[in-house]
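Keep the viewer open while you read.

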Amino acid sequence: MSDKMRITILPDGSIKVQTDEISAPNHMEAEALLARLEELAGGKTEIEQTGHEHGHTHTHADGTTHQH
């Protein structure tokens with residue numbers, strides 16, 4: 001896995017984040033970074049899944065659970 005994130009500020013001022021697959025040791029930190037970025041930027045968030053061939057479910061420390 002490459003553990004890479006690409007952050008681009010688009011001409012309209014929106015922020016685009018693209019990620020490759022993130023390894024298990026870095027996954028929670030990557031999720032936390034994206035959540036903080038979303039919190040600071042405000043506005044609407046859209047998520048587009050691309051190229052992931054597997055899925056999993058995990059639970060965060062605050063009790064929220066979601067799937068990828």
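Which residues form a nonpolar patch on the surface?

## The nonpolar patch

Keep in mind that this is a predicted model. The patch is made up of I7, I9 and I15, and together they put about 300 Å² of accessible area on show.

Take I9 from that trio. You'll find I9 in strand β1, which covers residues 5–9. I9 counts as exposed because its relative accessible area is 65%, and the cut-off for exposed is over 50%.

Now hop over to E48, which sits in the loop linking α1 (24–41) to β3 (57–59). Is E48 buried or exposed? With a relative accessible area of 67%, E48 is exposed, since anything over 50% gets that label.

E48 can also be placed relative to Q18. Along the sequence, 30 residues separate E48 and Q18, while their C-alpha atoms are 9.4 Å apart in space.

## The whole chain

Read from the N terminus, the order goes β-β-α-β-β.

How much of the chain is made up of buried residues? The share is 10% of the 68 residues.

Notes
Residues are numbered from 1 along each chain as its sequence is written. This is a predicted model: local features need pLDDT of at least 70, side-chain atom pairs count only at pLDDT 80 or more; totals for chains, interfaces and linings use all residues. Side-chain values use heavy atoms; hydrogens and water are left out. Patches are made of residues with over 30% relative accessible area and no salt bridge: like charges are joined within 9 Å, nonpolar side chains (Val, Leu, Ile, Met, Phe, Trp, Tyr) within 5 Å. Accessible areas come from the Shrake-Rupley method with a 1.4 Å probe; for residues, only the protein chains shown count as cover. A salt bridge is a side-chain nitrogen of Lys or Arg within 4 Å of a carboxyl oxygen of Asp or Glu. Helices (H or I, at least four residues) and strands (E, at least two) are DSSP runs, numbered from the N terminus. Buried means under 20% relative accessible area, exposed over 50%, partly exposed in between (1.4 Å probe, protein chains only).
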